[in-house]
Amino acid sequence: MAEGIWVFNGIGSHFPSGVFTSQALAEEWIAKHKLTGTLTLYPIDTGVYEWAIGKSVFKPKEDRHKTSEFIGRFSSAYQEHYHYEDGKT
């Protein structure tokens, strides 16, 4: 089992609408409410920016890659994630 927290973001949402300890619990909730959006596994106790650098899937190449604004908006397609439409993958 991967170490992390599963976070669901509904389509067009700026904030998560659910946080789960397992993918199975998240998928039950998504199916129950027929939700559309993305379920993503986030690392615990570290930012995605540091996680991606540590996994060698991102390397800051420009000065802007080290700014607070960039780090605060950083996400990685390398995180395990799934897309749902009307509660189904």
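Mentor: Ala, Val, Leu, Ile, Met, Phe, Trp, Tyr, Cys and Pro count as nonpolar, Asp, Glu, Lys and Arg as charged, and the rest, Gly included, as polar. This model is predicted, so to speak: local features need pLDDT of at least 70, side-chain atom pairs 80 or more, while totals for chains, interfaces and linings use all residues. Numbering starts from 1 along each chain, and side-chain values use heavy atoms, without hydrogens or water.

Trainee: How many residues lining the largest pocket are charged?

Mentor: A pocket is an open set of 1 Å grid points fitting a 1.4 Å probe, with protein on both sides within 12 Å along at least five of seven lines; lining atoms lie within 4 Å. Here the lining includes Asn-9, Arg-73, Phe-74 and His-81. Four lining residues are nonpolar and seven polar, and the charged count is one.

Trainee: Which elements each supply at least two residues of that lining?

Mentor: Elements are DSSP runs (helices H or I, at least four residues; strands E, at least two). Thr-40, Tyr-42, Gly-72 and Arg-73 are among the lining residues. The suppliers are strand E3 (37–42) and helix H3 (68–73).

Trainee: Which strands sit at the edges of the sheet?

Mentor: Pairing takes at least two DSSP bridges. The open sheet runs E2-E1-E3-E4, with antiparallel pairing. E1 (residues 5–10) has three bridges to E2, and Val-7 stands opposite Val-19 in E2. Pairing on one side only marks the edge strands, E2 (18–20) and E4 (81–84).
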